[in-house]
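Thanks for sending this one over. Here are my notes, written for someone meeting the structure for the first time.

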Amino acid sequence: MKKYFRLNNNTIAYCDKKMINQSVKALWNSFCMTDGNIDIKEGENFTFRIGESNVPSLPDGCEYALSVTEKGVGISGNDFGGLMRGYFSLLMKIEALDSGFGIAEAEEIGKYKIKNRMIHICVFPENDLYFIKKLIRLAGLCQYTHIVIEFWGMLEFDCMKELSWQHAFTKQEARELITIAREMGMEPIPMSNQLGHATAARLKYGKHVVLDQNPRLYRLFTPDGWAWNIFDSEVKDLLRNIRAELYEVFGHGEYFHIGCDEAYYYSRHEEINKRLPEYLKYLTEAVESEGRRPMLWMDMMLSGAKYDAAFYTSSKYGGEIEMINALSKNTVMVDWQYNIKTAPIPSTVDLAIHGYDLIGAPWYNPDNYKAHVKTVADNKLFGVMLTTWHTLKDYMPSILGCAKEMGAVSHVWSEYSGLHEECATLLRRVSFEGNTYTDSGWSKEQIEI
């Protein structure tokens with residue numbers, strides 16, 4: 001028969017002072033179905049304790065250690081992020097009993113397959129602030145360590161008003177998102193594509209955040225508008241100002257994602273393609289001098305002549321090695337391959353020989369993210385970055401699926417359920433402000449009308 005630590009309507013916890021925040025309190029109330037509250041008091045760094053419980057010792061190589069007895073709960077973390085992931089695991093162990101709520105006795109350590117578990121999200125003009133808040137909270141519950149946030153024309157910039165659509169988020173609204181990410185134990189990573197994707201809009205719909213508002217700024221882009229005119233000093237100044245404003249909004253951090261993918265005009269133009277190493281050297285060294293590690297997509301440095309059609313590659317005229325060698329040595333490579341469904345992934349293994357920290361980047365397909373996780377784990381590479389793009393309407397449960405593949409702990413009942421049911425449950429747990437019909441779940445509608 002299970003033994004439980006029974007929760008009071010008002011639980012008192014002693015913990016790391018950084019846990020004294022709204023997210024921690026709201027999550028407790030939510031996992032207690034709004035029938036329980038937590039009063040958080042300052043305790044020792046990287047610890048959480050309720051009742052008469054000792055904080056467990058933390059084994060080497062683990063992010064957290066958790067102990068639950070009939071008398072209390074104790075969690076220790078290797079840092080604040082590890083402590084929060086232990087807290088999330090604890091929340092998912094809360095059960096409704098005949099009277100109130102309880103947590104069954106348990107001993108657990110947070111030992112994940114992948115150390116750096118990143119997720120990349122896009123803020124599209126169709127997204128509202130509440131949706132992005134819930135998305136960030138969900139990523140935290142799924143125990144990702146870093147979250148890359150890319151604003152697709154959805155953040156107001158001082159350096160150029162045309163960089164954002166009229167209903168873009170203010171910087172204060174963006175800071176709300178950053179605060180949530182940090183409270184959830186993740187490092188937020190700013191992103192601005194500093195080569196291709198200069199439209200800040202999906203190519204298939206023909207929109208361009210700058211030129212559709214001010215066509216006189218055509219000089220800043222390649223003739224087709226898709227990429228930045230990177231050899232123009234005005235563009236270099238503008239991109240530097242964009243980075244500076246993002247640093248200010250995001251606050252202290254280790255990384256900056258510079259994108260640099262799918263710059264077709266450059267990859268298909270034999271002469272100017274030869275100048276890409278020069279630009280990548282300048283850009284990655286500039287970001288490093290600004291106090292960040294640059295990370296970038298690798299398709300521009302992969303040749304279709306080497307890989308079969310299942311791989312995504314953008315290089316046509318060679319120069320891949322020259323581009324790779326030009327990168328700052330602190331650059332983090334991110335190899336996004338979405339059609340490969342078996343490990344090892346050849347492009348990832350090939351890129352690893354260059355000595356840079358390397359991340360594998362899957363998308364929503366389970367076989368795809370399993371192949372990336374296995375490739376990274378087997379080769380002891382730097383990490384995995386799940387990408388989400390425009391497909392969350394149909395594939396949000398992949399966020400949970402990829403996380404579990406990397407070792408994330410989930411609900412005590414998850415083995416009897418499925419990803420859709422479990423992901424829907426987690427979304428309800430992070431809907432602190434309450435849901436309308438269109439806010440519920442991960443799609444505004446159930447049917448096409």
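Predicted model: local features only at pLDDT ≥ 70, side-chain atom pairs only at ≥ 80, totals over all residues.

1. Let me begin with helix α14, and with what lies against it.

2. Which residues of α14 are buried? They are Glu422, Cys423, Ala424, Thr425, Leu426, Leu427 and Arg429. The helix itself covers residues 419-429.

3. Glu422 deserves a look of its own. This residue sits in α14, and because its relative accessibility is 1%, while anything under 20% is called buried, it belongs to the buried group. Leaving aside residues up to four places away in sequence, Glu422 touches Leu400, Lys404, Ser410, His411, Trp413, Ser414 and Ser417.

4. Now please turn to strand β15, residues 332-336. Is β15 enclosed or open? Five of its five residues are buried, so the strand is largely enclosed by the rest of the structure. Both of its faces are covered: one side carries Val332, Val334 and Trp336, the other Met333 and Asp335, and all of these are buried.

5. What does β15 pair with? Strand β14 (residues 293-297) runs parallel to β15, and three bridges join the two. You can find the pairing by looking for Leu296, whose bridge partner in β15 is Met333. Met333 is also one of the buried residues on the face of β15 that carries Asp335.

6. Stepping back to the whole chain, the secondary structure comes to 14 helices and 17 strands. Buried residues make up 59% of the 449 residues. Of the contacts between residues at least 6 apart in sequence, 73% join residues at least 24 apart.

7. A word on overall dimensions. The C-alpha trace spans about 75 × 45 × 45 Å along its principal axes. The radius of gyration is 23 Å, which agrees with the value near 22 Å that a compact globule of 449 residues would have.

8. Finally, the surface and the charges. The accessible surface of the protein chain is about 19200 Å², and carbon and sulfur atoms account for 49% of it. There are 48 positive and 59 negative side chains, and the centres of these two sets lie 1 Å apart.

How values were computed:
Residues numbered from 1 in each chain as written. Heavy atoms only, no water. Helix = DSSP H or I, 4+ residues; strand = E, 2+ residues; numbered from the N terminus. Rg over C-alpha atoms; globule rule 2.2 N^0.38 Å. Buried < 20%, exposed > 50% of the residue type's maximum accessible area, 1.4 Å probe, protein only. Contact = heavy atoms within 4.5 Å. Areas by Shrake-Rupley, 256 points an atom, 1.4 Å probe, with all protein chains shown as cover. Lys, Arg positive; Asp, Glu negative; His and termini not counted. Charge placed at Lys NZ, Arg CZ, Asp CG, Glu CD. Pairing = 2+ DSSP bridges.
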